[in-house]
Amino acid sequence: MIKKTIALAISSVILLGACNSQNATQPMTNTHATTQKAAQNPLMSPSTLQYQAPDFTVIKDEHIAPAFELGFEQQLQEVDDIIAQNTVTFENTIVALEKSGAQLSRASAYFSNVSGTDSNPTRRALAQKFSPLMAQHFDNIYLNDKLFARVQKIHDKRTTLNLDAESVRLIEVYYKRFVRAGAKLNESQKTQIRALNKEHSQLTTQFSQNLLQETQNIAVVIEDKAQLKGLTDAQIDVMASAAEKAGHKGKYLISITNTTRQPILAQLENRDLRERVWLASANRAQTGKTNNTEIVSRLAQIRATRAQILGFDSWADYGLSDQMAQNPQAVFDMFSGMTEQLMKNAAQETQAIQDKIAQNGESFKVQPWDWAFYAEQVRQDKFALNESSVRPYFELNRVLEDGVFFTMKELYGIEFKLRPDLPVYHPEVKAYEVFDHDGKSLAIFYADYFARQGKSGGAWMNSFVDQSHLLEQKPVVVNVMNIAKAPEGQPTLLSYGEVTTIFHELGHGIHGMLSDVNYPSLSGTSVSRDFVEFPSTFEEDWAIHPKVIANYAKHYKTNEPIPPALLDKLVRSRSFNQGFDTLEYVAAALVDMEWHSLKPEEKVTDLEAFEQKVLKKHGLYVPHIQPRYKSAYFSHSMGGGYSAGYYAYMWSEILAADAFAYVQSQGGLNRKIGDHYRKNILEVGNSRPLMESYKAFRGQAPTTDALLRTKWDRHKFIA
């Protein structure tokens, strides 16, 4: 998953939120006071650390609000200065806009990252305060008639200005950004948009904060250790430690991850406890103070109404109009073409599980909380592969350094070197400097992999600083995951799924770190949602490439490589459970798309009934295989930037499968093809049309041939 700091803030406004400009903060006039404040507040001036990496040792929560306020004031003044110019040129309008907002970018980048990775009551309160203010601020820019008139004038004559292709692309991106924000609407419509956007920004913030609180609320506490039969001693030790930290000394705490399915269900032998864990996951955020039910319903209405005002049939039509898919029907067609095979695979897997239940002397019908447990037994029967036998070969540090970093060096010639001198925002975070093949420094990279209280669930990439030649900036990037940390003194051993997620997220990371463009609005991962998951998904397959896995899959005690027979079982086992894995993903993607295909008057009050109706409509309703995310905790769809966009993982999978197959035809893991991919995909960001970039790399448009050949024998769709 990709999160962009200032870009996300902008998209939240353009696509989602804003409020009344009559309450806009006025520009500062006391420059002396500003200078004094900057001297006391490290967020009010560029960091003196390398590449403006934040100095976490001096930034305090009390610095955040003043830094935002100054950022609002300064950028509004910069916009006024642009409008005041007598002439209208590319430099004094478009480039000036690109250069504006440095203070706000710095404040929002810092805050976006730390509030998601290390939340506390103060930061949650600040998020509630500044989410609508950020929306208001950008609305005052993108709905500014005088500013838009200048942008439109440049856009109309863009082909006659003797500009390079990237500059023309920037003009087009800005023009579309203004139009999609509502710059062409009349004043009455803009007033409507502002009111809707204000409410929307508040609700999305509340949605996300409810989920963060729910992570603590729904953790399952167990008193009797005997109920944990099936887990390893190391896992039980982690749960005991977590319980003690949460105030339950002598008990055991099972944390609930951010998806409907919980990984621990594959091991727990106690069926009652399995049901308890699954229900805690599936029913979250639907009651009490953290109830997201009404929020989800209202968000769908707001988005539908906003799309209608902007001239679109639905929010899905609006959202996809600037994506590679172009329209919702293309997405529905993609999924409908999979339905028959999906249901066939799911039925075969269901029968295998029912047979296993019967073999164990039980007669119950498989339920959602049973699937993972019995699927693991079927896996063992079919492939003689036990998850616990694989984990010792996937020690976290070795996976990262000898697996992911090794692959990046082999493909792109880059190296990651620890920078213990750089401050980090949490003791568990590691800082690295990234160097090119010629020794040139490229970027700073933070690795934040362990789960902890106050951290949002899931896995993602974000930026503290985006690459830009115009601003003379090099990227500062972070990867975040939620891996359960082993007790002190013990190694953290990973599942293969966690291994591929590390590869996936660093795929996003290098998309940002290897960017080589002029303008920050076009750099790195500033691409469409159904393209941004392509570079990350592409990197996953390297996790099991023979040369790569031989370099990192070594037993943490003996240093012996993973035995060929065990590796063969792992490779073959990847084909198992794909009906379930793909169905739960497609189900969630369809729920997302149908929420955002609603008309404004179609108010939904029963989320569960709506989800079932959607799946029955598309012929994919299987009671014991639930959507990967249910609506009340579907962060991608309701709280994040993937509304009507969760399909992007599958869409990007087509690109990734096609690209990976092509790379293998060109010799596989080597610098020549890696540099070709780097030059045409990773370095160019959004500086040219995305299909143009893909064709420059591949020599042709992507086909589904590679995906169809491999679809049912590998697990994808990392969320």
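## Basis and confidence

Residues are numbered from 1 along each chain as its sequence is written. The model is predicted, so local features need pLDDT of at least 70 and side-chain atom pairs count only at pLDDT 80 or more, whereas totals for chains, interfaces and linings use all residues; side-chain values use heavy atoms, with hydrogens and water left out.

The mean pLDDT of the chain (the predictor's confidence in each residue, from 0 to 100) is 91, and 93% of the residues reach 70 or more. Residues 5–32 have pLDDT below 50, and this stretch has 77 contacts in the model beyond near neighbours in sequence; contact means heavy atoms within 4.5 Å. The pLDDT is also below 50 over residues 711–719, a stretch with 44 contacts beyond near neighbours in sequence.

## The five-stranded sheet

Helices (H or I, at least four residues) and strands (E, at least two) are DSSP runs, numbered from the N terminus. Two strands pair if DSSP finds at least two bridges between them. An open sheet with mixed pairing is formed by five strands in the order E3-E4-E5-E7-E6. Strand E3 (415–418) and strand E6 (460–465) are at the edges with a single partner strand each, so one side of each has no neighbour in the sheet. On average, neighbouring strands are turned by 30° against each other, direction ignored.

E3 pairs with strand E4 (residues 430–435) in the antiparallel sense over four bridges, and phenylalanine 416 stands opposite valine 434 in E4. E4 and E5 are also antiparallel, over six bridges; five residues lie between the strands of this hairpin, in which glycine 439 has a positive phi near 90°. E5 and E7, by contrast, run parallel and are joined by six bridges. Alanine 447 of E5 is the bridge partner of lysine 430, and alanine 447 also stands opposite asparagine 479 in E7.

## Cover of the sheet

E5 is mostly covered, with 10 of its 10 residues buried; buried means under 20% relative accessible area, exposed over 50%, and partly exposed in between (1.4 Å probe, protein chains only). Helix H5 (residues 102–117) lies across strand E5 (441–450), E6 and strand E7 (476–483), and runs at about 145° to E6. Axes are lines fitted to C-alpha atoms, for helices over the stretch in contact, and angles run from 0 to 180 degrees between N-to-C directions.

Helix H4 (residues 90–99) is largely enclosed by the rest of the structure, because seven of its 10 residues are buried. These are Phe90, Asn92, Thr93, Ile94, Val95, Leu97 and Glu98, and their cover includes helix H3 (64–83), helix H7 (145–156) and helix H8 (165–181). Glycine 101, with a positive phi near 80°, follows H4.

H4 packs against H8 at an angle of about 70°, with the axes 11 Å apart. H4 is therefore roughly perpendicular to H8 (65 to 115 degrees; under 35 counts as roughly parallel, over 145 as roughly antiparallel and the rest as oblique). Phe90, Ile94, Leu97 and Glu98 of H4 meet Ser167, Leu170, Ile171, Tyr174 and Phe178 of H8 in this contact.

## Arginine 452

Arginine 452 is placed in the loop between E5 and E6 and counts as buried, at 14% relative accessibility. Not counting residues up to four places away in sequence, arginine 452 touches Thr117, Asp118, Tyr425, His426, Glu428, Val429 and Asn482.
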